[in-house]
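Student: Could you walk me through this one, feature by feature? I'd like the general idea each time and then the case at hand.

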Amino acid sequence: MEYRPITSDDFDGYVGVLAHVFAWDPKPEEIDVERKATEFDRTIAAFDDGAVVGTGANITFEMTVPGGTARAGGVTAIGVLPSHRRGGVLTQMMGRLLDDSREHEEPLSVLWASESSIYGRYGFGMANRLATREIERAHVTFIDTKPSPGRVRLIEKDEALERLPAVLDQVVDRYPGMIRRSPLKWEVDLSDLEAWRGGATANRFALYEEGGVGLGYARYRVKEEWKEGHPQNTLLANEVIGVNDDATLGMWRFLFGIDLTKTVKARVRPLRDPLAYFLTDPRRLSFKVTEGIWVRILDVRVALEARRYPVEGAITIEITGPDDVAGVYRIEGGPDGASCRRTDGEPDLRMGVTQLGMRYLGDHDFATLAAAGLVEGDRDALQRADLMFGWHEPTWCVVGF
Ligand SMILES: CC(C)(COP(=O)(O)OP(=O)(O)OC[C@H]1O[C@@H](n2cnc3c(N)ncnc32)[C@H](O)[C@@H]1OP(=O)(O)O)[C@@H](O)C(=O)NCCC(=O)NCCS
């Protein structure tokens, strides 16, 4: 088996593997988008007798972490043909993708997982839980009945490409886990290929403005359905952003006001979301926890110094593995900055880098991980560490890859 990045000539074979493993029959325009999104020098492929049988790639990102940002390699396009599965091909490719991130001085490797059983073994931790919320429109009444100060305007894709980035950019720094889309990523994500619609309409875009300034937007689709003469449409709210409370409320008011809609389904929401608090009958809004981004910490010192800590404190953590990051680290941090260094001292807590990755963005807590046997330490150390590693904003990410 040979492992190397792909060239343009290998692209058909690379897409062929992805098509096979993701049960996907790509149309030419889908292959064009995939090509556009691919950083060829950051790909990896497994070749058996010259034919591509396994694929993977990194994308260059900067990710928000609590109180700061960190460079991150976004792992994507992972696939191994069923004829070659469970022969260690992914393990070989993953080793190379993580090396590629180290060469690019990325302290983090991040990904969205197709299954939660795959990536823990490589040191990735599920770091960013999200939610799907659903409600029947008939049950929606807002507590605040005053009209919003702004107005909502429907816009077309070209205007969305011009106006939405400035809105999203205003909230990216607020939520750990958020990724700033590059202009190319915006173009790719708004390509809106028919295959991505799942039987619903093309993307609709609504922009919330005050005095002509964009402060919120919604990207949504509608799945049409009629039953015995009654409209039963489902509105799929795939990206709803508000820079401030008025914009967020204004955006939801708009979405819940769309006629012929029976159900509104909001995906990729943060766990702590003002949406429920806007409603008079919040129990009607269902709450399903989903997975967001997984984090693999590749450079413990750089990663822990990149974030801020809400309270001043110090904690010594032994990372038990994998080998590249194993060791004892002393972290001293607070709201203004942090330092992290290796030490020979006695650790307060002991855990794998997977658990540090889970807690890194502020989600989860060490005490519960300890109760599950995944972190070792006494109650006092767990409490101190949890106070340090929490964050006042929820983790969130609306950018898929
Ligand atoms: C997931 C996938 C890439 C794994 O590739 P692979 O080459 O079979 O993986 P490896 O042989 O390197 O497996 C390494 C280890 O992970 C385990 N593993 C791999 N895939 C797994 C899965 N889906 N669920 C549970 N365990 C898995 C293997 O059993 C093996 O364990 P071991 O070291 O204890 O023997 C492959 O099954 C695939 O293409 N799946 C469909 C596409 C997909 O889900 N891609 C991921 C997108 S995020």
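**Reading the ligand shell, a helix and a sheet**

Tutor: Helices (H or I, at least four residues) and strands (E, at least two) are DSSP runs, numbered from the N terminus. This is a predicted model, where local features need pLDDT of at least 70, side-chain atom pairs count only at pLDDT 80 or more, and totals for chains, interfaces and linings use all residues. Residues are numbered from 1 along each chain as its sequence is written, and side-chain values use heavy atoms, with hydrogens and water left out.

Student: Which polar backbone atom is 2.8 Å from an oxygen atom of the ligand?

Tutor: A polar contact is a pair of N or O atoms within 3.5 Å; within protein, one must be able to donate a hydrogen and the other to accept it, and residues adjacent in sequence count only if both atoms are side-chain atoms. The 2.8 Å case belongs to Val-80. A polar backbone atom of Leu-90 is 3.1 Å from a ligand oxygen, and a side-chain N or O atom of Ser-114 is 2.6 Å from one.

Student: Which residues of helix α1 are buried?

Tutor: Buried means under 20% relative accessible area, exposed over 50%, partly exposed in between (1.4 Å probe, protein chains only). In α1 (residues 11-21), the buried ones are Phe-11, Tyr-14, Val-15, Val-17, Leu-18 and Ala-19. They pack against α2 (28-37), β2 (43-48), β3 (51-65) and β4.

Student: In what order do the strands of the sheet run?

Tutor: Strands of a sheet pair through backbone hydrogen bonds, either parallel or antiparallel. Two strands count as paired if DSSP finds at least two bridges between them. This open sheet has 7 strands, ordered β1-β2-β3-β4-β5-β16-β6, with mixed pairing. Its edge strands, β1 (2-4) and β6 (125-126), each pair on one side only. β3 and β4 run antiparallel, joined by 11 bridges; Thr-60 has Gly-73 in β4 as its bridge partner.

Student: Why does Thr-64 count as buried?

Tutor: Thr-64, in strand β3, counts as buried because its relative accessibility is 2%. Contact means heavy atoms within 4.5 Å. Beyond neighbours within four places in sequence, the contacts of Thr-64 include Thr-69, Val-172, Tyr-175 and Leu-361.
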